[in-house]
Amino acid sequence: MTNAVLGDTHIASHQRRTAEVLHHTNFDAFVREKNGVKKLDLSVRGAKCGGCISKIERAIRTQNGVTSARLNLSNGELNIIADDTFSANDVARVVTDLGYGVSAQSASKAAAHQKAEESHLLVAMGVAGFAAANIMLLSVSVWGGATEMGEQTRQVFHGISGLIAFPVIVFSGRHFFSSAWSALKHRNMNMDVPVSLAIWLAFGVSVWETISGGQHAYFDACVMLLFFLLIGRFLDARLRRRAFAAARELAALRNRTVSRITPRGIHTVQTDDIKPGERILVAPGEQTAIDIEVVAGGSEIDESLVTGESLPRFAGIGSTVYSGSVNIGAAIEGVAISAAADSLLADITNMLEAGEQRRSTYRKIADHAVSLYVPFVHTTALLAFAAWLIIGASIEDAVLVAASTLIITCPCALALAAPVAQMVAAGRLFKLGAFLKSGDALERLAAIDHIVFDKTGTLTLGMPKWIPTSKARDNLHDAAEMARASRHPLSRALAAAAGPGKTAKGVEEHAGKGLRTWTNTQEHRLGSADWVGAGEHLKQDGPVLWYRSGDAHPVAFEFEDAPQIGAEKAVKELSAMGFELEILSGDRSNAVEKMACLVGIPHWTSAASPQEKAGRLEHLAGKGKRVLMIGDGLNDAAALSLAHAALAPGGAVDISQASADVVFSGGLKTIPQILAVAQAAKQTMLQNFALAAAYNLVAVPIAVTGNVTPLIAAIAMSVSSLIVTLNAIRRR
Amino acid sequence: MDIIAYLIPAALALGALGLVAFIWSVKAGQFDDPDGAAYRILLDNDEDWPLS
């Protein structure tokens with residue numbers, strides 16, 4: 001897992017954003033206290049190797065009051081136990097200072113429940129494995145000593161096997177029996193019905209054989225069947241829990257706090273506690289969690305996550321700031337115009353539900369296989385039973401044939417076919433830095449033929465980058481000194497281009513206009529064209545900063561939103577793989593057109609609202625396209641949920657990550673790899689189902705003709721399961 | 001053949017011992033962090049061993 005592709009700019013921007021979020025989360029609100037012992041669960045992102053464990057744990061143990069810190073590398077959970085002197089915010093700060101993303105986790109019953117289910121399956125599997133091995137020990141003696149073993153010894157061996165098998169079947173099999181029972185109660189059929197039937201029939205027949213001193217007992221087959229099925233169930237539960245953990249990590253990102261202004265002062269409260277009409281302070285760098293109307297102050301607002309517009313907008317008194325926007329200028333005060341539950345964010349959430357519902361109607365390949373399999377085995381077993389009665393066999397013999405048919409056509413291979421392939425694919429994706437949110441997402445990803453990209457933050461860095469010109473270069477040093485005093489994205493980009501250096505003193509920031517400072521008696525200005533007094537005719541098309549020193553001629557610094565590293569290559573690879581590509585952006589048309597030319601995507605749509613984006617996705621789906629949507633903004637969330645499959649970069653807003661099937665952090669270059677993994681996984685699954693079907697073609701004739709001995713059943717079951725597993729692991 | 005009267009219970013008891021050990025390890029959380037466990041053995045700072 002060390003080879004996760006990291007170090008990409010996307011990670012950097014993600015960490016930058018989470019660092020900003022951290023700034024406004026009060027971690028003390030998430031500490032649980034009991035008998036003077038404080039407990040805090042944090043979710044750490046970016047920890048991938050052994051070095052991270054010791055670095056983080058050691059740093060935290062040196063903090064005041066911390067008695068224990070343990071980082072779980074598998075799911076990124078950091079459990080801290082401390083006494084009274086402990087400050088949660090300090091600890092969180094230590095982790096971010098080390099360069100990891102961190103967010104608070106609130107205790108969840110669902111997570112505990114899933115963990116309990118997984119460990120129950122693991123124990124059930126262990127018990128079945130123990131029984132299978134020990135019964136096999138006895139069975140091998142019976143088979144091997146067939147000619148020498150006395151009838152009584154054989155009966156004793158069968159008896160012991162039965163005594164081991166019965167409690168194990170009851171304990172390890174109750175998962176299947178209760179599921180089969182509830183399916184039957186609702187007049188449904190699922191895979192657990194034939195499984196339960198096979199186990200109990202085989203057990204019953206074996207008990208009869210043992211009592212009557214017969215030759216064949218199938219106790220080993222019953223227990224082995226359970227063992228193999230439980231392996232499949234366990235892998236499935238594990239994958240689901242991983243996906244759930246990823247979703248929970250995303251939810252943890254949303255655990256934010258808001259500064260409420262009351263006559264008694266400013267209080268930090270949870271977002272859900274805010275009611276419409278209450279006054280809120282939005283500090284510089286803070287991301288708003290509620291829609292507000294500005295009532296005091298004014299500032300530049302970065303709405304790139306909400307609308308996809310890459311340039312910041314000035315919001316003065318009376319203007320509306322939507323949740324998800326980032327305040328990059330001065331502090332502003334606003335009145336909540338809606339509670340968190342019915343903000344713009346919540347509206348988009350509602351649009352998401354429609355998409356999610358449609359997606360849940362997707363029918364998995366495994367479900368198809370089961371719907372073909374269940375009636376097939378039941379009819380075969382029943383026909384075999386009837387046929388043997390008709391040709392004059394005794395009822396015992398007929399039941400024996402029916403039971404052995406059910407057992408040997410066992411769904412071991414079928415139950416393992418999909419989970420093993422999905423587990424291998426999830427492991428490969430994890431190494432690529434991508435997190436799979438559900439097993440069937442792989443099948444949907446493998447089926448796509450059309451890819452829709454968002455622009456800002458997905459194809460581009462979502463941050464402006466200075467375009468060097470010779471005239472501007474001469475003034476870069478002086479302008480950067482001023483720019484370092486501001487957190488406006490253009491100022492930051494300018495400061496980044498100039499590298500480290502001095503910061504000018506006495507810089508005044510005028511929101512929406514620019515910066516001003518004096519040296520000796522000379523005035524320096526940096527900002528908009530109007531601010532420095534550059535003529536209208538000099539106005540540029542993209543983002544521009546103007547700099548004027550005294551009476552000198554104003555100089556323009558032009559910026560562009562640079563494409564992600566490897567965007568062009570990824571696009572080329574994707575079109576070579578035969579996908580149709582298009583850009584669907586909320587940004588201005590010239591910015592979108594330029595980017596489309598640069599990366600080589602012929603079709604593009606600009607200035608699309610979230611509704612228009614969703615509409616475009618509906619349109620494409622109506623034409624029978626299977627669309628993959630890749631986006632990061634709030635404005636993409638609805639489109640993501642409507643797509644056949646969806647990807648979101650790690651830096652995306654949480655709601656977009658939540659509606660995506662896979663969250664990737666390795667940059668655009670991983671997209672072709674993700675799709676290749678998905679296609680390989682689907683192929684493996686289909687191969688596995690084909691192998692299971694082929695196996696049944698051989699096994700069924702042997703079973704219905706009454707030639708299945710317990711030895712043959714044991715060999716057939718293990719071989720088929722092994723082949724399916726090996727076929728999946730081959731792709732590792 | 002009387003010997004099997006001792007051998008079979010002995011074999012079963014040994015198997016059961018392994019099973020009990022396995023169940024204990026699941027309950028004790030030994031399988032909670034398979035990725036981390038692979039690295040923890042390489043960390044040579046014994047004092048960093050978790051206290052709980």
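1. Is A:E573 buried, exposed or partly exposed? A:E573 counts as partly exposed, because its relative accessibility is 32% (buried is under 20% relative accessible area, exposed over 50%, partly exposed in between, with a 1.4 Å probe and protein chains only).

2. The model is predicted: local features need pLDDT of at least 70, side-chain atom pairs count only at pLDDT 80 or more, and totals for chains, interfaces and linings use all residues. Residues are numbered from 1 along each chain as its sequence is written, chains are lettered from A and ligands numbered from 1 in the order in which they are written, and side-chain values use heavy atoms, without hydrogens and water.

3. A:K569 and A:E573 form a salt bridge, with the closest N and O atoms 3.6 Å apart (a side-chain nitrogen of Lys or Arg within 4 Å of a carboxyl oxygen of Asp or Glu). Both residues lie in helix 17 (residues 567-576) of chain A, four residues apart (helices are DSSP runs of H or I, at least four residues, and strands runs of E, at least two, numbered from the N terminus).

4. Over all chains there are 13 salt bridges. In the one between A:R444 and A:D661, the closest N and O atoms are 3.0 Å apart. A:R444 lies in helix 12 and A:D661 in the loop between helix 21 and strand 27 of chain A, so the pair ties together parts 217 residues apart in sequence. Both A:R444 and A:D661 are buried.

5. A:E582 pairs with A:R616 in a salt bridge at 2.8 Å between the closest N and O atoms. A:E582 is in strand 23 and A:R616 in helix 19 of chain A, 34 residues apart.
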